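Me: I would like to learn how to read side-chain features in a model. Can you take me through them one by one?

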Amino acid sequence: MIDVEDVVPPQNYGLGGDDAGVYYSIDEALSAAEFGRFQYWVLAYAGLGYLVDAMEVMLLSFIGPSVKVLWGLSAAEEGLITTVVFAGMLIGAYSWGLLSDNFGRRKAMLSIATVTTICAILSSFSPNYTSLLVFRALVGTGLGGGPVYLCWFLEFVPPKNRGFWMVIFSTFWTIGTILEAILAWVVMPALGWRWLLVLSSLPSFAVVAFYGLSVESPRYLCTIGRIKDAHSILQKIAEVNQTKLPVGMLVCEQMTVVNQEALLPTQNNSYARYKAGFSSLFSICSSSLIGTTLVIWVQYFGNAFLYYGVVLMTSELSSDQTSCISTISDSNDGSSLYRDVFFTSLAEVPGLILAAVLVDKIGRKFSMMFMYALGFLFLLPLVLHQDEALTTLLLSGARMCCLGTFTITVIFCPEIYPTSVRTTGAGVANSVGRIAGMICPIVAVQFVSGCEIMAAIILFEVIAVVLGLSVLLFPTETKGQQLSDAVVAS
């Protein structure tokens, strides 16, 4: 088995200065180029793609009641509109990860945005319930590509303060939910759900329109042997940021794949890509990565279950249809749904701020454990009956912590995986989270509708404890560390 250390770079393997024997890595190049105007553009483009995901998911809260009345749907049929989107996201998260790792981040992003835009617009013209389900499922497939945008941005960020900038990237999700609530508040009463679908697709169209200004990840280019192209992009980053690359030659880690007979070829031929497509999936479950992969899956599943559970419990307990709390708002005007979603989304902002402050100071692992513990404390008083105001306040605090831990998990996952399998690993983990997103509404709503609030809170508490303890099983802390480009053979 060929190991990374056994691979001797050929004479043209590094590119850069004329100093013989002086080498620098991708991370050293990014550190020298610093975080500047070039990365701000990358952040804006990748963040726009992430914002699309949030808007398209959030609008499901608004179109459901309208189409239910229009087509006389049952509650189950209304719920199926959300289910098919999550099912599509589950498939898409896995598929786009494989495409990105084997054909490039840019091609994957263009495909994701194109599928999402076309299907989102077509869904606004749906003549019946069945066609709406089909188009929204296809939109969900496109939305599953969110991890590709995240990984693409990650691969341009220097190690210093990387956690902070990844949290800033994650704020685009919250911005998307807030914008969608405002858009629905304005559009739905006047123009209806079809126009909401059309207008919500505009950011996705913008991703397609500005695609030509994006560049391929230099890390990805290194893994397929295009060192000259990687160096050209790094040089462009330095020029835009008005800095300089280190003296010497750029050297990239040669990609190896675990449990393969030989080092995979880097030529752009169909057989190599076909083989790499399977090997990237097998690699995240190999002996050297299986422990990390399982812990990441636990984190994604548990975080998604907690986040959506707390969100659903907040809305269910605030609903005028529940009999589980004695103090209920008498307001039932048409704008209450948009107003409630808007203000509950704002509750996520403190969680993002806390994550941004902690992640590069105490590290990913300790930040997650602290926020799990804080979320546990917010939920604990709800084991007993509390008045409406205190219940809302405690659930908002728990939602803040859930988003914080979820954000750090989303940062931690692609940092742990090497470049050659990064988006595959993040995509599969995202799929696991989508499964939790499909299961959670069934469980949470059943608990609340049956007035078993205590049982639901205890379940959330147990999940928080398990997640907090499982963080200790992560083999490494990625704070300030260079990203790995190769899967080390075992």
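Me: What should I know about the model and the numbering?
Reply: This is a predicted model, where local features need pLDDT of at least 70, side-chain atom pairs count only at pLDDT 80 or more, and totals for chains, interfaces and linings use all residues. Residues are numbered from 1 along each chain as its sequence is written, and side-chain values use heavy atoms, with hydrogens and water left out.

Me: How is a pair of aromatic rings described?
Reply: By the distance of the centres and the angle of the planes. Rings of Phe, Tyr and Trp (its six-membered ring) pair if their centres lie within 6.5 Å; planes under 30 degrees apart count as stacked, over 60 as edge-to-face and the rest as tilted.

Me: How many aromatic pairs does the whole structure hold?
Reply: A search finds 20. One of them joins Tyr40 and Trp165 edge-to-face, with 5.8 Å centre to centre and 75° between the planes. This pair links distant parts of the chain: Tyr40 is in helix α2 (residues 37-58), Trp165 is in helix α8 (residues 162-191), and they are 125 residues apart. Helices here are DSSP runs (H or I, at least four residues), numbered from the N terminus.

Me: Is Tyr40 buried, exposed or partly exposed?
Reply: Buried means under 20% relative accessible area, exposed over 50%, partly exposed in between (1.4 Å probe, protein chains only). Tyr40 is at 44%, so Tyr40 counts as partly exposed. Trp165 is at 17%, so Trp165 counts as buried.

Me: Which rings make up the pair of Phe86?
Reply: Phe86 and Tyr308 form an edge-to-face pair, 5.7 Å centre to centre and 90° between the planes. Phe86 is in helix α4 (residues 75-103) and Tyr308 in helix α14 (residues 290-318), so the pair ties together parts 222 residues apart in sequence. Phe86 is buried at 6% relative accessibility, and Tyr308 is buried at 16%.

Me: Which rings are linked into a cluster?
Reply: Ring pairs link Phe35, Tyr40, Tyr50, Phe153, Phe164, Trp165, Phe169 and Trp173.

Me: What makes a salt bridge, and how many are there?
Reply: A salt bridge is a side-chain nitrogen of Lys or Arg within 4 Å of a carboxyl oxygen of Asp or Glu. The count is 8. In one of them, Arg219 meets Asp27, with the closest N and O atoms 2.4 Å apart. Arg219 lies in helix α11 (residues 218-223) and Asp27 in helix α1 (residues 26-33), so this pair ties together parts 192 residues apart in sequence. Arg219 and Asp27 are buried.

Me: What is the partner of Glu56?
Reply: Arg136, at 2.7 Å between the closest N and O atoms. Glu56 in helix α2 and Arg136 in helix α6 (residues 129-143) are 80 residues apart. Glu56 is buried, with a relative accessible area of 1%. Arg136 is buried at 0%.

Me: Which residues do salt bridges with shared partners join?
Reply: Start with Arg364 and Glu415, which meet at 2.7 Å, N to O. Arg364 is in helix α17 (residues 364-379), Glu415 is in helix α18 (residues 388-416), and they are 51 residues apart. Shared partners join Arg162, Asp360, Arg364 and Glu415 into one network.

Me: Where is Asn430, and what does Asn430 contact?
Reply: Asn430 is in helix α19 (residues 422-449). Asn430 is buried, at 12% relative accessibility. Contact means heavy atoms within 4.5 Å. Leaving aside neighbours within four places in sequence, Asn430 is in contact with Ala93, Pro147 and Tyr300.

Key
Helices (H or I, at least four residues) and strands (E, at least two) are DSSP runs, numbered from the N terminus.
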